[in-house]
Amino acid sequence: MKTLQTYIDKLNALNFKEMYNKDFFLTWEKSDDSIEAVFLVADALRYMREQNISTKVFESGLGISLFRDNSTRTRFSFASACNLLGLEVQDLDEGKSQIAHGETVRETANMISFMADVIGIRDDMYIGKGNKYMHEVVDAVTEGKNNGILEQKPTLVNLQCDIDHPTQAMADMLHIIHEFGGVENLKGKKLAMTWAYSPSYGKPLSVPQGIVGLMTRFGMDVVLAHPEGYEIFEEVEEVAKENAKKTGGSFTKTNDMAEAFKDADIVYPKSWAPFAAMEKRTDLYAQGDSAGIDALEKELLKQNAEHKDWTCTEELMKTTKDGKALYMHCLPADITGLSCKEGEVDASVFDRYRDPLYKEASYKPYIIAAMIFLAKFENPTEILKKLEEKGISRIFE
Amino acid sequence: MKTLQTYIDKLNALNFKEMYNKDFFLTWEKSDDSIEAVFLVADALRYMREQNISTKVFESGLGISLFRDNSTRTRFSFASACNLLGLEVQDLDEGKSQIAHGETVRETANMISFMADVIGIRDDMYIGKGNKYMHEVVDAVTEGKNNGILEQKPTLVNLQCDIDHPTQAMADMLHIIHEFGGVENLKGKKLAMTWAYSPSYGKPLSVPQGIVGLMTRFGMDVVLAHPEGYEIFEEVEEVAKENAKKTGGSFTKTNDMAEAFKDADIVYPKSWAPFAAMEKRTDLYAQGDSAGIDALEKELLKQNAEHKDWTCTEELMKTTKDGKALYMHCLPADITGLSCKEGEVDASVFDRYRDPLYKEASYKPYIIAAMIFLAKFENPTEILKKLEEKGISRIFE
Amino acid sequence: MKTLQTYIDKLNALNFKEMYNKDFFLTWEKSDDSIEAVFLVADALRYMREQNISTKVFESGLGISLFRDNSTRTRFSFASACNLLGLEVQDLDEGKSQIAHGETVRETANMISFMADVIGIRDDMYIGKGNKYMHEVVDAVTEGKNNGILEQKPTLVNLQCDIDHPTQAMADMLHIIHEFGGVENLKGKKLAMTWAYSPSYGKPLSVPQGIVGLMTRFGMDVVLAHPEGYEIFEEVEEVAKENAKKTGGSFTKTNDMAEAFKDADIVYPKSWAPFAAMEKRTDLYAQGDSAGIDALEKELLKQNAEHKDWTCTEELMKTTKDGKALYMHCLPADITGLSCKEGEVDASVFDRYRDPLYKEASYKPYIIAAMIFLAKFENPTEILKKLEEKGISRIFE
């Protein structure tokens, strides 16, 4: 039987000191031990919640969320994570508060942080901007803390930037770990991160980039598949190659969806926009060239439409390992005949995997909470132990 | 002197097992004992708050609110109820999250519920839709819980649907109980639920339906009065008739406001739209027929204007029992000469009853909290007792 | 070394009984002892937070915020203060709830207050309106409490009205006290509250009015400087004169910025609109005269542009006491060459004072929390003492 001590023992064997008082930008900036620690703490927090043990480590404090894009899932995941730890969420609505870059970022970051323990940011719209903006915020509050303005430095959680989507990729990975009965069973497993057709345009690259940037660290054979012209950020491919080299797996690319699916243990078919096109769009926005943006949009939709055969059908699923690959998606998916005429996946495939897909999503609040937990406590295992000993019920009994 | 034990003793005499782990859709789906239990727990929670005893039963957890209509009162009532029990409110803003029916409901309901203990929904705009939507949400999270996706099934509180407005009707009833010194004093009392003129159009039917569906359960003589053509949902009238039959009261209808007011102990004059017209509007919306909707709106305003004499005047009030009937309204009222030229009630009548009207409204947060409390605890009396024994102050002292 | 007892001893020497169960509208309506008590409690709360001692005095309860203007800083300050004490913030969004004056204020104020311990309002747009509106709200909830509708009267915190900006002025003053090593060191210090050029129009008068209304109480020589035609509210000037007379300082006026800066210990250069123009604008709005408003706006911008030389330059700073006056601003400032072409202050001056400016802002959440604390507890020192003895950690340890 699992006990909290199981998680604590595993954590005690790891070195994740770099997490304390730091921020979470990109998974590949963190050591293997740190990544493993996030998974363990996420599982431990979930275990405690299931046992009705409160993990409220903050009596007061704010978790600030800043979304530059509509979002239900990530918004609720962040709110859930904060609430689980005792932080109250306060939204920073840019419409209401006119944040911009530069001087204003520095000022606003400090003004909202007097009692903030966490800042969660989603900013994935423009290439070269989102991750940079997060760093500006972190630099500002670090300076604020060092100069005696802030009593604490809020920790940043990257809730999706232009480069990575670490909370998504790590929730996905934790799902894989549980589905395959442990990280030790992943060596040699084949994972296909493949492009899929969607009638909508400009889906962010952070998911495929996050997936190949993280999944290559566990000895798996990761295949990135997409039509020609849908290349992702080259630097992330380099990360994936380096990862694979170090951990005994492989990272390969193909322009053939069938090849990627062949004998795959895990498939992740999902639409995205070409990196080069997104870079171009960012420039057009900067220039305020709305005619150019319209033209680009038409071009991209036309380009997409040439690849309607890139879709996760029952036939393709049959070619996977024993015809039973784990189908994954960050949701919401474009489901053929259901949410759109032609989309990323057959309705029957999606339907068969609904429960695992929802389960996959269910890890995200715990991943976020674990990132916060590891940033806030120097000795997280001691804190977990004390919480169990204190044994306050989450729901009164 | 009242003590908490008074409430506990009364609760112990009732059988409200059906409330545990269930949802609150319509009052007439609940047994008399369950309805009584909601009143008792509401009073007990209010008593404890007055004694500065914390009733915070959740250390963490979310209460999710979904309003498909602007709302101050119900929004704050729900937020107050959640806060009283320790839940943090998180709004699901449909504008920001693009929720729709069908597949998406199932998915979104699960995505927002990983740490949700309660979901409160207000969806009263379209006939045949609101209550159905609530059931879709409950079905989705029940399945989610059964399939191991959710660790808890959030309980649904119907904050107003197309059929019933249970938290309003029950707050109203609790007000009546207190005004008349106990439910045992209501037998034979006459309650007039009557239509009244308003210059605005399309007010929801859920209030009159909720009132006749609930108030007929306490042995009162309930009269429903409205001009011809302002019929409410027939099925609810059937419920009211059945109720009256079972509990020794009566349910009658009239097209004469004066007749309804005559010797009434309680009057509830309030505008609503004809059920048939609201059904038609729902169809027009579904067809996207905006010209048809405009025409219907004009027609309804014209129809309303033919009944400006349906208004709660001082003269009419004089005809009630001893000229002192309890005047009720769900607020905000259309007050003649104050909020509009001609409306539902004379300014002097409204003014005289302001305090009772506000008091009436004050029960709603406690009714909502009681519904949650009874859904979450198998032995609510034991929990109340333990909370009292623990005796944590709501405000530090 | 500072201990909590230091603050408690000082508080015990003061008489601030008038604060209990009351509201905070204008600083000059409060006694010197009460003002001093707010500073002491603010410092004590900050001290406790720095020591990781929880000051959560509410187990449950709502802090309602009502902003009639976009706001990041004040919004977060209020949210932080509420959170520090254990209150959950609930925004009253007027767009969503259609609040108006008169009858509706009375009703809405009660409807939102069933579980509200605090209401924070910012309403500074129209002369003669904001403060009046706050009084309407307070009158309504006081009546509600007296008539048995509300179990508690929420306390009002004025987060900026048309007359005063008490939380800003008091945060500013607390900053001065700390910078000068104690209120006892302020006698004879020169503070220049001066107008400065801004390319934007209609900045509120509540800041300069709040500053001269408060800062004249500490024996300082307060100079109000502005171009002719930029007069502030005459009644506030009278307050400043009276204050100065009582406390041995002085209050003088000049139309010469250089004269104000000469040998000043503290400078506060900031743009505002002429009181007379703001009165006129309020009337034009009331009349719905949009052409008149447009004409007024143009006129005011033109008038502003005649005074671009009213700006806080390095040259001017050199003329202050030892060239080292404390530069203050409520933020955000219009910084020349940074946020605008020509503005209130040179970029190099602003840059040099960034840390003190952020520190200045950091006092606001504590000032608000202190106002709430003193309104809610009859014996605040006893409560502070008990909180320390209980010693619950804000962050678990």
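Predicted model: local features only at pLDDT ≥ 70, side-chain atom pairs only at ≥ 80, totals over all residues.
**Entry 1: how the copies are related**

I laid chain B on chain A: a turn of 120° and a shift of 0.0 Å along the axis give an RMSD of 0.0 Å. That is why I note a three-fold axis here. Residues are numbered from 1 along each chain as its sequence is written, chains are lettered from A and ligands numbered from 1 in the order in which they are written, and side-chain values use heavy atoms, with hydrogens and water left out.

I then superposed chain C on chain B: a rotation of 120°, 0.0 Å of shift along its axis, RMSD 0.0 Å. Which residue of chain B comes closest to the rotation axis? I found Glu88(B), with its C-alpha at 4.5 Å. In chain C, Glu88(C) comes closest, at 4.5 Å (C-alpha).

**Entry 2: chain C against chain B**

I looked up contacts, meaning heavy atoms within 4.5 Å. Chain C puts 35 residues in contact with 39 residues of chain B. The buried area is about 3500 Å², and carbon and sulfur atoms give 54% of it. Buried area is the accessible area (1.4 Å probe) that two parts lose on being put together, summed over both. Which residues of chain C lose the most area to chain B? They are Glu59(C), Met115(C) and Glu151(C), together 21% of what that side buries.

I counted four salt bridges between chain C and chain B. The rule asks for a side-chain nitrogen of Lys or Arg within 4 Å of a carboxyl oxygen of Asp or Glu. Arg394(B) and Asp117(C) meet in a salt bridge, N to O 2.8 Å.

Next I checked which elements of chain C touch chain B. β1 (62-67), β2 (88-91), α4 (94-97), α5 (103-111) and α17 (380-390) of chain C each supply at least two residues. These helices (H or I, at least four residues) and strands (E, at least two) are DSSP runs, numbered from the N terminus. α5(C) gives the most, with six residues. By type, this side of chain C divides into 13 nonpolar, 10 polar and 12 charged residues. Here Ala, Val, Leu, Ile, Met, Phe, Trp, Tyr, Cys and Pro count as nonpolar, Asp, Glu, Lys and Arg as charged, and the others, Gly among them, as polar.

**Entry 3: chain B against chain A**

I found 35 residues of chain B in contact with 39 residues of chain A. Chain B and chain A bury about 3500 Å² between them, 54% of it on carbon and sulfur atoms. Four salt bridges are counted here. In one of them, Arg49(A) pairs with Glu151(B), the closest N and O atoms being 3.6 Å apart.

Do the copies meet through the same or different surfaces? Only 6% of the interface residues of chain B are also interface residues in chain A, so the surfaces are different.

**Entry 4: aromatic rings**

I searched the whole structure and got 24 aromatic pairs over all chains. Rings of Phe, Tyr and Trp (its six-membered ring) pair if their centres lie within 6.5 Å; planes under 30 degrees apart count as stacked, over 60 as edge-to-face and the rest as tilted. Trp195(C) and Tyr230(C) have ring centres 4.5 Å apart and planes at 50°, so this pair is tilted. Trp195(C) lies in strand β5 (residues 190-195) of chain C and Tyr230(C) in the loop between β6 (221-225) and α9 (234-247) of chain C, so the pair ties together parts 35 residues apart in sequence.

Terms used: Least-squares fit on C-alpha atoms with pLDDT ≥ 70 in both.
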